[in-house]
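Please open the structure in a viewer and keep the selection tool at hand.

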Amino acid sequence: MPAAQRALVRERKLGSWPCWLLRSSSRCLLISFLVLQLLLVLFQSRSAIVSSSASIDYSKSRFVMQTPGPDAAPSHPKDERDQTLKQGDTSANSRPISEKDSGKILKSEIYQPDTTTGRRLVTYKRHGGRLSNQLFQFVGALQHAKVLKRTLVVPDEKSDFEWTGMFDTYFDIWDLSSLNENYDIDWSTGLDGSLTDVKMQATGCLLSLPASQTLLEKGPSEWIKLDKKCPDAIHLNYNMFTCNQQHQYCGDKEAQMEAYNIYSHLKLSPSLMQYIPSKRPQFTGLGYDEMAIHSRRAGEGMYKWEICIEGTRKTCMSHMKVGSESGNKFCDERTLKGNCAIWADLNYQIKSRRFFKPNLKDYKFVLASDGTHDWDLDFKGQYIAADNSEWLRDLDERFKKEFPSGKYDFDKQPLADAIGVSGYIKKERIVWGTVDALSATLLDLFSLVDSKYLLG
């Protein structure tokens with residue numbers, strides 16, 4: 001090999017340094033020197049930032065700023081898609097992580113209340129609506145409790161539409177261990193009615209709806225004033241805890257990430273979770289993990305299209321930049337209409353080339369349906385869905401063994417004598433229909449998260 005060629009090979013073996021590109025050792029040394037100087041300046045600047053904030057006591061903080069993660073739903077702008085929840089260290093002695101691109105001090109670092117004064121509780125009034133509203137409000141209230149460093153008192157569930165099954169652990173619907181380990185939650189005080197909005201009004205600690213909606217925006221100075229006024233309990237009223245965009249939690253980025261992090265701790269019981277499609281052997285083996293479809297019906301003489309389109313357009317456009325191409329792509333009339341009759345226009349609803357298939361018979365997917373359309377008409381054998389039938393049979397068998405005939409006559413007295421905890425279960429005699437509907441809905445909800453592409 002000629003000497004010149006051997007010299008070039010040696011230069012290329014230098015690895016990550018760009019010397020072989022420069023073809024000059026003197027230029028290489030100069031660039032290396034400048035890089036080292038730049039690193040030294042950055043190191044000194046970082047040290048100065050750390051030193052300037054050394055007087056703050058981080059040891060009491062329990063909040064962690066989450067870091068960016070994988071892409072979220074494709075309907076979000078690119079600058080928002082890079083943000084996703086990542087569970088952090090929520091132990092009492094963990095130091096918060098400052099924002100990635102600055103030395104800015106987070107509100108959770110600044111706000112250090114005296115936790116020895118008062119009971120430090122926060123509660124709310126149930127808003128209404130069914131499972132979606134109940135879970136969204138629960139997460140928003142728990143977010144407030146975490147940011148304000150208080151204990152959440154969960155209010156009683158008194159009707160079927162309020163019932164989430166969280167209080168009534170006999171039915172084994174939820175696994176609450178992760179929630180209870182990572183958050184301060186009181187599951188008993190809310191049952192005695194001592195912190196209702198009517199009783200809290202006399203204390204001056206029942207917040208108005210506007211005050212409740214802006215509480216997390218106000219910051220540490222206002223929170224300290226509220227602590228002095230209401231050391232025992234704060235009532236957040238019947239707020240849904242949404243701000244700015246549709247279905248967006250309140251507060252700054254740190255506070256919003258606290259809300260999204262809560263979802264990683266919402267877990268079904270193992271007895272129920274075993275029946276979601278991703279637990280089946282054919283889920284990944286036969287391609288059903290590619291796509292999940294959430295199906296609901298509107299139009300076609302059953303409902304007016306406006307019921308679907310108006311609400312969906314509002315939600316869709318609130319998450320798009322005005323005039324953006326994404327808005328035209330995801331929020332146009334045909335897409336919104338198809339969202340409530342997805343089986344009729346499936347290919348148009350799929351906005352990713354990766355998951356598009358020219359032949360409808362080639363699709364395989366997980367289906368979560370409201371039951372008002374028969375998907376077998378066009379897609380028989382192409383989908384799998386969650387089924388709570390076996391779980392209900394196991395629950396019925398367990399119930400019969402623990403309460404044999406003659407010991408309890410459930411046609412004449414409430415379930416409270418045996419298993420009731422919430423107000424709803426205590427006063428009702430027949431709840432199996434509600435248990436069936438709730439468990440089926442939760443299985444469908446959790447079924448949608450394991451596929452690579454969600455449609456609906």
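Which residues are buried in helix α11 (residues 220–229)? The model on display is a predicted one. Select α11, and then pick out Pro220, Trp223, Leu226 and Asp227, which are the buried residues of this helix. Turn the view to look down the axis of α11: these buried residues fall within an arc of 115°, so they line one face of the helix. On the other side of α11, select Lys225, Lys228 and Lys229, which are exposed.

Next, display the surroundings of the helix.

**Asp227**

Remain in helix α11 and select Asp227, which belongs to it. Is Asp227 buried or exposed? With a relative accessible area of 12%, Asp227 lies below the 20% limit and is therefore buried. Beyond residues up to four places away in sequence, Asp227 touches Tyr111, Pro113, Arg120 and Arg150.

**The nonpolar cores**

In soluble globular proteins, nonpolar side chains tend to be buried together. The largest nonpolar core of this model has 69 residues. Select Phe138, Leu152, Phe171, Ile173, Trp174 and Leu179, the members that touch the most other members. Helix α6 supplies the largest share of this core, with 9 residues.

Centre the view on Ile173. Which residues does Ile173 contact, leaving aside its neighbours within four places in sequence? They are Trp163, Gly165, Leu268, Ser269, Leu272, Trp391, Leu438 and Leu442. Another core, of 15 residues, lies apart from the largest one; select Ile293, Ile342, Leu346 and Phe355, which are among its members.

**The disulfides**

A disulfide is a covalent bond between the sulfur atoms of two cysteines. How many disulfides does a search of the whole structure find? The search finds 3.

Begin with Cys205 and Cys230, which are joined by a disulfide with an S to S distance of 2.0 Å. This link is left-handed, with -100° about the S-S bond. Distant parts of the chain are linked here: Cys205 lies in the loop between α8 (197–201) and α9 (209–213), and Cys230 lies in the loop between α11 and β5, 25 residues apart. Both cysteines, Cys205 and Cys230, are buried.

Move to Cys243 and Cys250, whose sulfur atoms are 2.0 Å apart in a disulfide. The torsion about their S-S bond is about 80°, so this disulfide is right-handed. Cys243 counts as buried at 11% relative accessibility, and Cys250 counts as buried at 0%.

Finally, select Cys316 and Cys331, which form a disulfide with sulfur atoms 2.0 Å apart. The link of Cys316 and Cys331 is left-handed, with -80° about the S-S bond. This pair also links distant parts of the chain: Cys316 is in helix α15 (residues 305–318), while Cys331 is in the loop between α16 (325–330) and α17 (333–339), 15 residues apart. Cys316 and Cys331 are buried.

Note on methods
Residues numbered from 1 in each chain as written. Predicted model: local features only at pLDDT ≥ 70, side-chain atom pairs only at ≥ 80, totals over all residues. Heavy atoms only, no water. Buried < 20%, exposed > 50% of the residue type's maximum accessible area, 1.4 Å probe, protein only. Helix = DSSP H or I, 4+ residues; strand = E, 2+ residues; numbered from the N terminus. Arc of directions from axis to C-beta. Core = buried A, V, L, I, M, F, W, Y, C linked by side-chain atoms within 4.5 Å. Contact = heavy atoms within 4.5 Å. Disulfide = S-S within 2.5 Å.
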